[in-house]
Amino acid sequence: MTIWWGVLGLLLGGYFALAGYDYGVGMLLPALSRDEAGQRRVLGAVGPFFLANEVWLVAAVGVLFGAFPHLEGRVFAGAYVLIVLLLLGLVTFTAAVQLRSRHPEGNRRGWTFAITAGALVTAVSWGLFLGNLVRGLPLDAQGRPVDDVLALFNPYAVLWGLGFVALFCLQGLVFLAVRGPGRVRRLTRSFLLPVGVFLVTATVWGAFFGGSWAALTVVAVAFAAYLTVLFGLRRPRLALPAVMLLSACPALLVGVLRFPVVLSSGAGYQLTVDQAATTPDMAAVLGWFAAPTLLVLVVVQWLTWRAHRRPVDEKSLLHF
């Protein structure tokens with residue numbers, strides 16, 4: 001089941017690397033442009049990739065339910081409040097992006113607010129969720145959720161929630177520097193320090209929760225990617241893959257932090273990858289679909305990027 005755990009990590013890492021700039025652009029939409037034409041061009045920059053990026057999350061959830069049903073049950077039970085918040089943010093953001101420009105003469109301020117709010121809730125929820133996975137979910141020694149909702153909003157998880165807001169905003173701005181309208185370099189620099197503080201603080205603080213050599217490798221990759229972005233802003237096409245890799249690192253870190261333990265709690269509960277896995281027969285059935293699905297995802301994503309690699313301007317066809 002180690003291979004399936006790697007597949008899950010690949011899908012989640014791809015989701016954060018690709019969809020992170022969607023949420024970053026959404027959170028910054030009012031600040032990027034105040035007129036309607038400018039906001040439409042900003043959304044048009046992410047428009048061709050928007051739905052394709054979300055498919056990575058759908059595929060990851062499918063692998064989680066199919067290959068690791070016991071893990072899915074424990075995670076959803078221990079973090080159900082964050083899961084609900086995450087779903088609310090995702091639904092609000094996705095619906096608002098697609099409905100905002102449906103009526104040419106309609107008032108779009110409400111939809112713009114929904115885009116920003118949905119993206120913000122999504123980013124914070126992901127940060128809180130992954131931060132709790134690093135620290136340990138609030139489960140008792142038998143793996144049952146404790147009756148303390150506020151335990152999910154512990155200081156370390158809140159740090160991750162705020163850090164994800166800065167990280168996704170940075171990713172969205174670097175993306176716009178490559179494909180979007182206007183100049184965003186000055187605004188991009190304002191998010192470099194918060195992201196750097198998040199990386200250093202989360203690493204030093206998180207060291208008290210344990211780790212592995214694989215986790216140290218992921219942390220080193222994250223810092224290398226951050227430095228590439230820091231010194232490569234003058235070359236956005238170099239900074240973009242670096243910040244995408246940086247956004248994927250938190251999910252990869254959670255996956256390798258205590259492997260083969262894939263879920264733990266402060267009360268001493270631990271769930272290994274073999275205990276979380278489905279039956280061998282079910283894993284064999286899933287294997288018939290894994291490789292073709294991954295191939296289709298990668299090919300479609302690559303073709304989408306190839307078809308829309310030019311920056312957005314006044315003559316571009318806008319999807320939203």
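Which residues lie nearest the centre of the second largest pocket? The structure is a predicted model, in which local features need pLDDT of at least 70 and side-chain atom pairs count only at pLDDT 80 or more, while totals for chains, interfaces and linings use all residues. Residues are numbered from 1 along each chain as its sequence is written, and side-chain values use heavy atoms, without hydrogens and water.

**View 1. The second largest pocket.** A202, T203, A215, V219 and L253 lie nearest the centre, among 24 lining residues. A pocket is an open set of points on a 1 Å grid over the protein atoms alone, where a 1.4 Å probe fits, with protein on both sides within 12 Å along at least five of seven lines; lining residues have an atom within 4 Å of a point. Helix 10 gives the largest share of this lining, 6 residues. Helices are DSSP runs (H or I, at least four residues) and strands likewise (E, at least two), numbered from the N terminus.

**View 2. The largest pocket.** This pocket has a volume of about 770 Å³, the volume being the space filled by probe spheres set on grid points joined across faces, edges and corners. Of its 33 lining residues, L8, L12, L64, W126 and F129 are the closest to the centre. Elements giving two or more residues to the lining include helix 1 (2-32), helix 6 (109-135) and strand 1 (261-264).

**View 3. The peptide bond from F259 to P260.** This bond is cis, with omega near 15°, whereas most peptide bonds are trans. P260 is placed in the loop between helix 11 and strand 1.
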